[in-house]
Amino acid sequence: MKNRTFAIQNLMMELEYKDHISPILKDGVKNYLIDIDGTITDDVPNEEPERMVTCEPYPDALETINKWYDEGHQICFFTSRTENLKQITIDWLDKHGFKYHSVLCGKPRGGNYHWIDNHLVRATRYKGKFTDMVEKQVTIEVFKD
């Protein structure tokens with residue numbers, strides 16, 4: 001718990017507050033929101049929590065996420081697992097050596113996410129391998145000017 005408290009304090013130090021608006025991360029720091037099931041390990045539904053304890057992490061996910069953490073980025077696991085499964089999730093992440101700042105449960109199930117926010121949001125669909133990020137031009141939906 002001591003390391004988690006330090007991580008939370010460290011997150012607070014990385015924020016810049018200006019003009020009484022929502023804080024932003026310092027330049028170059030990313031706020032990664034990372035799914036768990038089907039993204040960093042096998043796709044385990046909430047209805048089978050016993051599998052959450054025994055599944056193994058994808059090695060490239062563990063390596064890449066810990067690298068991002070070590071580079072100073074914020075790591076938040078954002079999962080469709082329910083609150084009653086949060087401690088199982090935290091224990092699993094810790095057991096396998098994932099470095100992170102927070103775990104958020106209760107992400108809506110079913111996919112086809114469309115996130116609307118007053119901050120810039122970038123989405124990357126996981127397709128079987130974690131690697132360093134690359135820039136790519138794509139078409140996105142936005143609000144009409």
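These legends walk through several close-up views of one predicted model. Local features are described at pLDDT of at least 70 and side-chain atom pairs at pLDDT 80 or more, while totals for chains, interfaces and linings use all residues. Residues are numbered from 1 along each chain as its sequence is written, and side-chain values use heavy atoms, with hydrogens and water left out.

**View 1. The largest nonpolar core, seen around Ile65.** In soluble globular proteins, nonpolar side chains tend to be buried together. Here the largest such core has 21 residues, and Ile34, Ile40, Ile65 and Phe77 have the most contacts inside it. At least two core residues come from each of β3 (31-34), α3 (59-70), β4 (74-78) and α4 (86-95). A core in this sense is a set of buried Ala, Val, Leu, Ile, Met, Phe, Trp, Tyr and Cys residues joined through side-chain atoms within 4.5 Å. Buried means under 20% relative accessible area, exposed means over 50%, and partly exposed is in between (1.4 Å probe, protein chains only). Helices (H or I, at least four residues) and strands (E, at least two) are DSSP runs, numbered from the N terminus. If you centre on Ile65 and set aside its neighbours within four places in sequence, the residues in contact with it are Ile34, Ile40, Ile75, Phe77, Phe98, Lys99 and Phe130. Contact means heavy atoms within 4.5 Å.

View 2. A pair of aromatic rings is described by the distance of the centres and the angle of the planes. Rings of Phe, Tyr and Trp (its six-membered ring) pair if their centres lie within 6.5 Å; planes under 30 degrees apart are stacked, over 60 edge-to-face and the rest tilted. That rule gives 7 aromatic pairs. For Tyr58 and Tyr126, the ring centres are 6.2 Å apart and the planes sit at 15 degrees, so this pair is stacked. Tyr58 belongs to the loop between α2 (49-54) and α3, and Tyr126 to the segment after β5, so their pairing ties together parts 68 residues apart in sequence. Both are partly exposed, Tyr58 with a relative accessible area of 22% and Tyr126 with 23%. Tyr126 also pairs with Phe130: their centres are 5.4 Å apart and their planes at 35 degrees, so this pair is tilted. Phe130 itself is buried, at 11% relative accessible area.

**View 3. Asp37, Arg81 and Thr89.** The side chains of Asp37 and Arg81 form a salt bridge at 2.8 Å, N to O. The term covers a side-chain nitrogen of Lys or Arg within 4 Å of a carboxyl oxygen of Asp or Glu. Asp37 is in the loop between β3 and α2 and Arg81 in the loop between β4 and α4, so that the pair links distant parts of the chain, 44 residues apart. Both partners are buried, with relative accessible areas of 11% for Asp37 and 0% for Arg81. Thr89, in helix α4, is buried as well, at 1%. Neighbours within four places in sequence aside, Thr89 is in contact with Ile36, Arg81 and Val103.

**View 4. Further salt bridges.** A search of the whole structure finds 7 of them. Arg109 and Glu47 meet at 3.0 Å, N to O. Arg109 lies in the segment after β5 and Glu47 in the loop between β3 and α2, so this bridge ties together parts that are 62 residues apart in sequence. Glu47 counts as exposed, with 55% relative accessibility. Glu48 and Arg51 meet at 2.7 Å, N to O; Glu48 is partly exposed at 28%, and so is Arg51 at 32%. Salt bridges that share partners also join Lys67, Glu71 and Asp132 into one network.

**View 5. Gly28 and Arg122, two exposed residues.** Gly28 lies in the loop between β2 (24-25) and β3 and is exposed, with 64% relative accessibility. Its C-alpha is 9.8 Å from that of Glu71, although the two are 43 residues apart in sequence. Arg122, in the segment after β5, is exposed at 70%. Arg122 and Tyr32 are 90 residues apart in sequence, with 9.6 Å between their C-alpha atoms.
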